[in-house]
Amino acid sequence: MTLHPVSIDREPAAGAVLLTGIPGSGKSTVAAALAARLGMSAHVEVDALQQMIVSGGQWPSPTANAEADRQIFLRARNACLLADSFVRAGFIPVLDDVVVRRSHLDFYRTTFTAKPLHIVILAPGPATAWHRNQARQKSLATDWAPLDAAMRAELEQEGTWIDNAAQTLEETVEAVLSVIGLASTSKMDQAL
């Protein structure tokens, strides 16, 4: 096999999706399923970027922690850099991150250079999110329910809100696809 240098970038993708909500809202699951439905796409799981910090990493916590806050913005910056690179290469990035503060959302908007950035907020409610957190493999010990109220107060006029408490995964993906306006390439769509 010979490997010759080729152009990485091509016609840019039609935009990106930032899928957010509190822990347990279904962000990662929906983001992966959504990316699978889009033609050329990438799932940028922002928690995975945090996990790349081998030493000195600090996860967000309910108590004040300036270093953890700094790392929230560091991982958001790295997610934007990665997403911008995917857009330039023709892939639609689907980012998933817990974004509940306006300052965090504004950071995404100013740091992500490709446009448009479709913001979708999954909001099943704190009780559903807590139940989901307890049922999954990476069960969380911290009750993040207070983030729901903060998210609703600070982001109520932002993006598209989807209450996915009673929806199946497929129904939620369909709801996201209907609001972002990016083409789906499921096998059913290809058959039409």
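**Figure 1. Strands β2 and β3 run parallel and are joined by five bridges.** The model is predicted; local features need pLDDT of at least 70, side-chain atom pairs count only at pLDDT 80 or more, and totals for chains, interfaces and linings use all residues. Residues are numbered from 1 along each chain as its sequence is written, and side-chain values use heavy atoms, with hydrogens and water left out. Strands (E, at least two residues) and helices (H or I, at least four) are DSSP runs, numbered from the N terminus. Two strands pair if DSSP finds at least two bridges between them. Strand β3 covers residues 92-97, and its Asp-96 stands opposite Glu-45.

**Figure 2. Five strands form an open sheet with parallel pairing.** The strand order is β2-β3-β1-β4-β5. The edges are β2 (41-45) and β5 (160-162); each has a single partner strand, so one side of each is left without a neighbour in the sheet. From one strand to the next, the twist averages 20°.

**Figure 3. Helix α3 lies across β2 and β3.** The helix runs at about 165° to β3. Such angles run from 0 to 180 degrees between N-to-C directions, with axes as lines fitted to C-alpha atoms, for helices over the stretch in contact; contact means heavy atoms within 4.5 Å.

**Figure 4. Phe-73 and Phe-107 form an edge-to-face pair.** Rings of Phe, Tyr and Trp (its six-membered ring) pair if their centres lie within 6.5 Å; planes under 30 degrees apart count as stacked, over 60 as edge-to-face and the rest as tilted. By this rule there are two aromatic pairs. In the pair shown, the ring centres are 5.1 Å apart and the planes stand at 75°, so the pair is edge-to-face. Phe-73 lies in helix α3 (residues 66-88) and Phe-107 in helix α4 (residues 102-111), 34 residues apart, so that the pair links distant parts of the chain. Phe-73 has 28% relative accessibility and Phe-107 has 23%; both are partly exposed, that is, between buried (under 20% relative accessible area) and exposed (over 50%), with a 1.4 Å probe and protein chains only.

**Figure 5. Phe-86 and Phe-91 form an edge-to-face pair.** The distance is 6.1 Å centre to centre, with 75° between the planes. Phe-86 is partly exposed at 26% relative accessibility, and Phe-91 is partly exposed at 27%.

**Figure 6. His-4 sits in the segment before β1 (16-20).** His-4 is exposed, at 55% relative accessibility.
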